[in-house]
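This briefing goes through a single protein chain by topic. Please keep the sequence and the structure in view while reading.

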Amino acid sequence: MAKGKDVRVRVILECTSCVRNGVNKESRGISRYITQKNRHNTPSRLELRKFCPYCYKHTLHGEIKK
């Protein structure tokens, strides 16, 4: 069987406030989470509020391309 068009796909969520502010000197990096989404139920880009260890608060994490 072919695995070409799976319904559930892996997506990467990246902190939008870290990216917007740029990686400053005191920050060690950009927060990223890996999760899954159903392609048929949510065709648009996924955005979730997750904890960013670099900002030390809950921020909006948006889906990025692989």
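What is the mean pLDDT of the protein chain, and what share of its residues reach 70 or more? The model is a predicted one, and its protein chain has a mean pLDDT of 83, with 79% of the residues reaching 70 or more.

**Confidence**

- Within the protein chain, strand β3 (residues 47-52) has the highest confidence, at a mean of 94, whereas helix α1 (residues 16-21) has the lowest, at 75.
- Where pLDDT is low, the predicted coordinates should not be read in detail.

**Salt bridges**

- The structure contains 2 salt bridges, and one of them joins Glu 14 to Arg 32, with the closest N and O atoms 2.5 Å apart.
- This pair connects distant parts of the chain, since Glu 14 belongs to strand β1 (residues 8-15) and Arg 32 to strand β2 (residues 32-38), 18 residues apart.
- Glu 14 counts as buried because its relative accessibility is 11%, while Arg 32, at 53%, counts as exposed.
- Lys 37 and Glu 63 also meet through their side chains in a salt bridge, at 3.2 Å from N to O, and this pair too links distant parts of the chain, with Lys 37 in strand β2 and Glu 63 in strand β4, 26 residues apart.
- Both Lys 37 and Glu 63 are buried.

**Aromatic rings**

- The count of aromatic pairs is 0.
- A charge does sit over a ring, however: the charged end of Lys 50 lies over the ring of Tyr 33, 4.7 Å from the centre of that ring.

- Thr 59 lies in strand β4 (residues 57-64) and counts as buried because its relative accessibility is 7%; apart from neighbours within four places in sequence, Thr 59 is in contact with Cys 15, Ser 17, Leu 48, Arg 49, Lys 50 and Cys 52.
- Gly 62, likewise placed in strand β4, is buried with a relative accessible area of 9%, and residues touching Gly 62 from more than four places away in sequence are Ile 12, Leu 13, Glu 14, Thr 16, Leu 46 and Glu 47.
- From Gly 62 to Cys 15 the C-alpha to C-alpha distance is 6.6 Å, although the two are 47 residues apart in sequence.
- Glu 63, found in strand β4, counts as buried because its relative accessibility is 18%, below the 20% cut-off; leaving out neighbours within four places in sequence, its contacts include Lys 37, Val 11 and Ser 44.

Definitions and conventions: Residues numbered from 1 in each chain as written. Predicted model: local features only at pLDDT ≥ 70, side-chain atom pairs only at ≥ 80, totals over all residues. Heavy atoms only, no water. Helix = DSSP H or I, 4+ residues; strand = E, 2+ residues; numbered from the N terminus. Buried < 20%, exposed > 50% of the residue type's maximum accessible area, 1.4 Å probe, protein only. Contact = heavy atoms within 4.5 Å. Phe/Tyr/Trp six-rings, centres within 6.5 Å; stacked < 30°, edge-to-face > 60°. Lys NZ or Arg CZ within 6 Å of the ring centre and 35° of its normal. pLDDT = per-residue confidence, 0-100. Salt bridge = Lys/Arg side-chain N within 4 Å of Asp/Glu carboxyl O.
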